[in-house]
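I opened the model today to look up its fold, its sheet and its charged pairs. My entries follow in the order I made them.

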Amino acid sequence: MWTTICTAAKAMMISAVDKTGAPLFANKLRQQFEPALAGPARALSKTDRAMLNATKPLAPFEETLRSRSGLQHEFMMQKSLLRDSAGHVSGILTVGFDMSA
């Protein structure tokens with residue numbers, strides 16, 4: 001069981017950005033893909049903007065990302081809003097499972 005969990009975790013991309021697109025964190029797998037989440041705020045993606053304006057959670061969706069080595073990977077993505085202690089939206093958490101792994 002533990003081996004299965006560890007294997008699945010290696011295929012999980014996890015990252016978060018604040019409401020402006022500034023990166024909060026990204027796991028090792030996420031750092032291998034473009035667009036990079038390092039440095040200053042980047043423009044929010046169309047999906048991130050939709051997430052901030054949504055009145056209910058967005059359905060999971062498939063997204064193709066290119067690794068820095070040039071390989072394309074298919075991810076099943078899920079986004080969730082991050083909230084501060086007062087309940088205000090503070091950012092977006094993205095989790096993706098690499099279906100091509």
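**Entry 1**

I began where two strands meet: R83 has V89 as its bridge partner in β5. This is a predicted model, so I note its limits: local features need pLDDT of at least 70, side-chain atom pairs count only at pLDDT 80 or more, and totals for chains, interfaces and linings use all residues. Residues are numbered from 1 along each chain as its sequence is written, and side-chain values use heavy atoms, with hydrogens and water left out.

I followed the pairing of β4 and β5, which is antiparallel and covers nine bridges. I count two strands as paired if DSSP finds at least two bridges between them. The hairpin of β4 and β5 has five residues between the strands. Among the hairpin's residues, G87 takes a positive phi near 90 degrees.

**Entry 1: the whole chain**

I listed two helices and five strands. Helices (H or I, at least four residues) and strands (E, at least two) are DSSP runs, numbered from the N terminus. Along the sequence they read α-β-β-α-β-β-β.

I then checked burial. The chain has 101 residues, and 25% of them count as buried. My cut-offs are under 20% relative accessible area for buried, over 50% for exposed, and partly exposed in between (1.4 Å probe, protein chains only). The accessible surface comes to about 6,500 Å², and 61% of it belongs to carbon and sulfur atoms. Those areas come from the Shrake-Rupley method with a 1.4 Å probe; for residues, only the protein chains shown count as cover.

**Entry 2: the sheet**

In what order do the five strands form the open sheet? I read β2-β1-β5-β4-β3, with antiparallel pairing. The edge strands are β2 and β3 (61-66), each pairing on one side only. From one strand to the next, the twist averages 30 degrees.

I went through the pairs. β1 and β5 run antiparallel and are joined by seven bridges. There, M12 has F97 of β5 as its bridge partner. β3 and β4 are also antiparallel, over six bridges.

P23 sits in strand β2 (residues 23-26) and is partly exposed, at 26% relative accessibility. P23 and G91 are 68 residues apart along the chain, yet their C-alpha atoms are separated by 9.4 Å.

Helix α2 (residues 46-53) lies across β1 (12-18), β3, β4 and β5 (89-98). Helix α2 runs at about 30 degrees to β4. Axes here are lines fitted to C-alpha atoms, for helices over the stretch in contact (heavy atoms within 4.5 Å). Angles run from 0 to 180 degrees between N-to-C directions.

How many salt bridges are there? I count one, taking a side-chain nitrogen of Lys or Arg within 4 Å of a carboxyl oxygen of Asp or Glu. The pair is D48 with K79, and their closest N and O atoms are 2.6 Å apart. D48 is in helix α2 and K79 in strand β4, 31 residues apart. Are these two buried or exposed? D48 is buried at 2% relative accessibility, and K79 is buried at 8%.

**Entry 3: a nonpolar patch**

M76, F97 and M99 make a nonpolar patch of about 240 Å². Patches use residues with over 30% relative accessible area and no salt bridge; like charges are joined within 9 Å, nonpolar side chains (Val, Leu, Ile, Met, Phe, Trp, Tyr) within 5 Å. M76 is in strand β4 (residues 72-83). M76 is partly exposed, at 31% relative accessible area.
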